[in-house]
Amino acid sequence: MDALATLRRHWGYDSFRPLQKEIVESVLAGHDTLGLMPTGGGKSITFQVPGLMLPGITIVITPLISLMKDQVDNLRRRHIKAVSLHSGMTRREKDMACEKLVNGGARFLYVSPERLGNDSFTALMRRLNVSLIVVDEAHCISQWGYDFRPSYLNISRLRDTKPGVPVMALTATATPEVADDICLRLGMRTPNVFRMSFTRDNINYIVRPAETKISEVFHILSRTAGTAIVYVRSRKRTAEIADYLLSAGISAAAYHAGLSHELKEERQNSWKNGTIRVMVATNAFGMGIDKPDVRVVIHYDLPPSLEEYYQEAGRAGRDGEKSYAVLLTARTDRGVMRRRVTEAFPARDIIKKIYERVCNSLHISVGEGYDTLKEFDIEKFCDTFGYQPRQCRAALKILEQAGYLEYMEEADRRARVTVTCDREELYHLKCLSHLAERVLTCLLRGYTGLFTDYVCINEATIARALDTSERDVYEALLELGRSGTISYIPRSRMPLMYIPTSREEPRYLQIGRDIYEVRKEIMSRRVEAMIDYAFNPRICRENRMLEYFGEVRKKECGRCDTCRGRRKSEADDPRVMITRVLDYMNRHPEGVDLRILDHDLRASRTPLAEAISWLTGEGHITITDGYVRLTLETDRQIQK
């Protein structure tokens, strides 16, 4: 079966999108491959299609647990065998996934980068027939990338274990410097590099100064149609703006990482099916979102970099229809952006003290803690030690960059269940309460795959089906677990802290220049590029963005607010309008109706009226019964 037939069979598409086919063919030919594809370009197809065609397992390295789960679930819905390995899983879940890999029960393995440095994972890799290694969000491996993650450097260890296996790297946003660094750090051998243009001809990039941003959001949404996203930088503001829009008669909902999985899923589905028009969200909303008809993306706050702005703005107009990406600015935004750089790099002494107190709060002694995963309540930690949450998160980010810990705030772990006894034993169960038997029956009828893997369940749904309380369902599930009938992992929304190395004494922590000073300078350059995009009134917005990503276009886009303003300014110049009228009349020597002239020139009424008045007064044109003609003398001058 060829690549196109595989695409048709599993995805139902009759053709590949631009650049997909070339990347797939490069991978199938065994070449190391780098694909630079903008948001919405269909990156996952480029490795999933060859992964189904190659004989062994495809390993996909990705940093986001939520995105990993979505991709595995999507593949399983297409009856494609896939498993994942990440820090948020229990030992039993990891063992079941490994068993499937060894026994041929999976074609795709999605793995978080920190697992690659584990000795047991390396031993597992030696037993597997691996055909392809895929590095998603590959900019994370580059020191120059906007989201560098030290755990990505473990990929070199995987390459050492499987030296003959081709590597494929994918990212939506990479400057030329980052693209070169990706190839270098992955040890790519004469890689094929495929770069899709960052131009989006259907998106109009608009920067709009606003004294009151929330009023401007309403103004924009009330004058445009279709689905919209409003991006903000704080969870609190998502609710404030959503409530304001609702009170103004625009259907809206708030979305951020702190919501429960069920509420996030409910709001996301309502937005996708059009029940909710506007999603007011932090950057937690967007990964894996594939809604083609988003007409407007508004950024209430300036993003920290053009990479992130391009990704988020690019969620507009994936259907190719005219759409808008609007960035709202205020006079104070420059100062706010530059303060973020300072806030992102607390003093080294503070960082070391936070590391020491994190380890103490997790009861990890010096020399202990290797490969430890524990729940971590950051709000309680900040309250206990008097830290500002922003300062604490910044310190944790630097400690993560230095390789000492990994804070996983997205870890909303849903309740999971698997049946641990065989089907025959189910018919002979004794000593279970009546409610436990009803819950077990509900599980078996409502969820598939319980005998082969952990399946996510919803206790609230089960409670409604049985007309009982969630607490009773929880107790019944615990009872079934104690009896050996099922393995039940209760839901937890507590963030996780992963400690990849043994605890160090604070004085021995190595926070080098590359982690601190160099990255501070990189962040500062990104911030200044974002400020230049937002506040430079002379540049074409899209060309400024393309220049940042190493792409040069000779002509301006003609769609952004700068280009429109320049065109309007030229059109408003009386001398320009006089020339345009004379050129038009020269092409219509027989004369023309004034209304047609007005329509064809598409001019503002005032400049056109002034030009016609001047031309009439100077004797260059005559107007009779609304019909415009050049005078004989002017006609001769033009002919000469």
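These questions and answers walk through strands and a helix of a predicted model. Local features need pLDDT of at least 70, side-chain atom pairs count only at pLDDT 80 or more, and totals for chains, interfaces and linings use all residues. Residues are numbered from 1 along each chain as its sequence is written, and side-chain values use heavy atoms, with hydrogens and water left out.

User: What is the strand order in the open sheet of six strands?
Analyst: Strands are DSSP runs of E, at least two residues, and helices are runs of H or I, at least four residues, numbered from the N terminus. Two strands pair if DSSP finds at least two bridges between them. Pairing here is parallel. The order is β8-β13-β12-β9-β11-β10.

User: Which are the edge strands?
Analyst: An edge strand pairs on one side only. That picks out β8 (203-209) and β10 (252-255).

User: Which residue is the bridge partner of I229 in β12?
Analyst: β9 (residues 227-231) and β12 (residues 294-299) pair in the parallel sense over five bridges. In β12, I229 has as its partner V297.

User: What angle does the direction of helix α10 make with that of β10?
Analyst: Helix α10 (residues 235-247) packs on the sheet and touches β10 and β11 (278-281). Contact means heavy atoms within 4.5 Å. Axes are lines fitted to C-alpha atoms, for helices over the stretch in contact, and angles run from 0 to 180 degrees between N-to-C directions. The angle is about 175°.

User: Which residue in β18 stands opposite V419?
Analyst: β16 runs antiparallel to β18 (residues 486-489), joined by four bridges. Opposite V419 stands I486.
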